[in-house]
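Here is a friendly walk through the model shown below. Keep the viewer open and follow along as the topics come up.

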Amino acid sequence: MKYFVTDSERTSTNYHEFFKGKWDGVTFWKEDSISLDDNVLYANKGFEEALVTIVPEFDPFGETETSLEQWIQIGKAIPADDRDSLEMFQEADAWLTNVFREYGCFTILGL
């Protein structure tokens, strides 16, 4: 992956973890999660702005549960000329396809 990393690829805790389903309130850094470096998130303004617009309760330091409907809207809200943000969305979308089938949502665990 270009933008996201697996748990074994993380180099610090400066990541937003994309956790499958509803967060259990206990577990962090699961092997089957993907993580996005905070600097990568904010360098890709189209993705970050779409996320904050569609999910205004997004908490970069807490837990943010995200539905399939919200995720679809995030993808639509990214400017068409922001190729990096669209590519980042597509990378996560490929991982989320099975997550939504099995869990119906995912949770972003902040810093």
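In strand 3, D37 is the bridge partner of Y15. That pairing belongs to a predicted model, in which five strands form an open, antiparallel sheet in the order 1-3-2-5-4.

- Strand 2 and strand 3 run antiparallel and are joined by four bridges, with Y15 and D37 facing each other as one of the pairings.
- Strand 2 is also joined to strand 5 by four bridges, again in an antiparallel arrangement.
- On that side, F19 stands opposite T107 of strand 5.
- Strand 2 covers residues 15-20, and five of its six residues are buried, so the strand is mostly covered.
- Strand 5 (residues 105-109) has five bridges to strand 4, and these two strands run antiparallel.

- Helix 3, made of residues 68-77, lies across strand 4 and strand 5 and runs at about 85° to strand 4.
- Helix 4 (residues 83-103) lies across strand 1, strand 2, strand 3, strand 4 and strand 5, at about 125° to strand 5.
- The 21 residues of helix 4 reach 29 Å from the first C-alpha to the last, close to the 30 Å expected at 1.5 Å a residue.
- Helix 4 has a kink of about 40°, and the kink is centred on L96.
- L96 is itself one of the buried residues of helix 4; the others are S85, M88, F89, E91, A92, W95, V99 and F100.
- Just after helix 4 comes G104, with a positive phi of about 85°.

**Charged pairs**

- Side chains of opposite charge can pair when their charged atoms come close.
- How many salt bridges does a search of the whole structure find? The search finds four.
- In one of them, the side chains of E87 and K2 meet at 3.0 Å, N to O. E87 belongs to helix 4 and K2 to the segment before strand 1, so this pair ties together parts that are 85 residues apart in sequence.
- E87 counts as partly exposed because its relative accessibility is 32%, while K2 counts as exposed at 58%.
- D7 and R10 form another salt bridge, with their closest N and O atoms 2.9 Å apart. Is D7 buried or exposed? D7 is buried, because its relative accessible area of 16% falls under the 20% cut-off.
- D32 and K20 form a salt bridge as well, with 3.8 Å between their closest N and O atoms. This pair links distant parts of the chain, as D32 is in the loop between strand 2 and strand 3 and K20 is in strand 2, 12 residues apart.
- Salt bridges that share partners join K20, K30 and D32 into one network.
- D32 is partly exposed, with a relative accessible area of 28%, and K20 also counts as partly exposed, at 22% relative accessibility.

**Two loop residues, E31 and S8**

- E31 lies in the loop between strand 2 and strand 3, and S8 has its place in the loop between strand 1 and strand 2.
- Why does E31 count as exposed? Its relative accessible area is 57%, and exposed means over 50%, so E31 qualifies.
- S8 counts as exposed too, at 60% relative accessibility.
- Leaving aside neighbours within four places in sequence, E31 is in contact with D7 and S8.
- The C-alpha atoms of E31 and C105 are separated by 18 Å, and the two residues are 74 residues apart along the chain.
- S8 and R101 are 25 Å apart in space, C-alpha to C-alpha, and 93 residues apart in sequence.

Definitions and conventions
Residues are numbered from 1 along each chain as its sequence is written. This is a predicted model: local features need pLDDT of at least 70, side-chain atom pairs count only at pLDDT 80 or more; totals for chains, interfaces and linings use all residues. Side-chain values use heavy atoms; hydrogens and water are left out. Two strands pair if DSSP finds at least two bridges between them. Contact means heavy atoms within 4.5 Å. Axes are lines fitted to C-alpha atoms, for helices over the stretch in contact, and angles run from 0 to 180 degrees between N-to-C directions. Buried means under 20% relative accessible area, exposed over 50%, partly exposed in between (1.4 Å probe, protein chains only). The expected span of a helix is 1.5 Å times one less than its number of residues. The bend at a residue is the angle between axes fitted to the seven residues ending there and the seven starting there.
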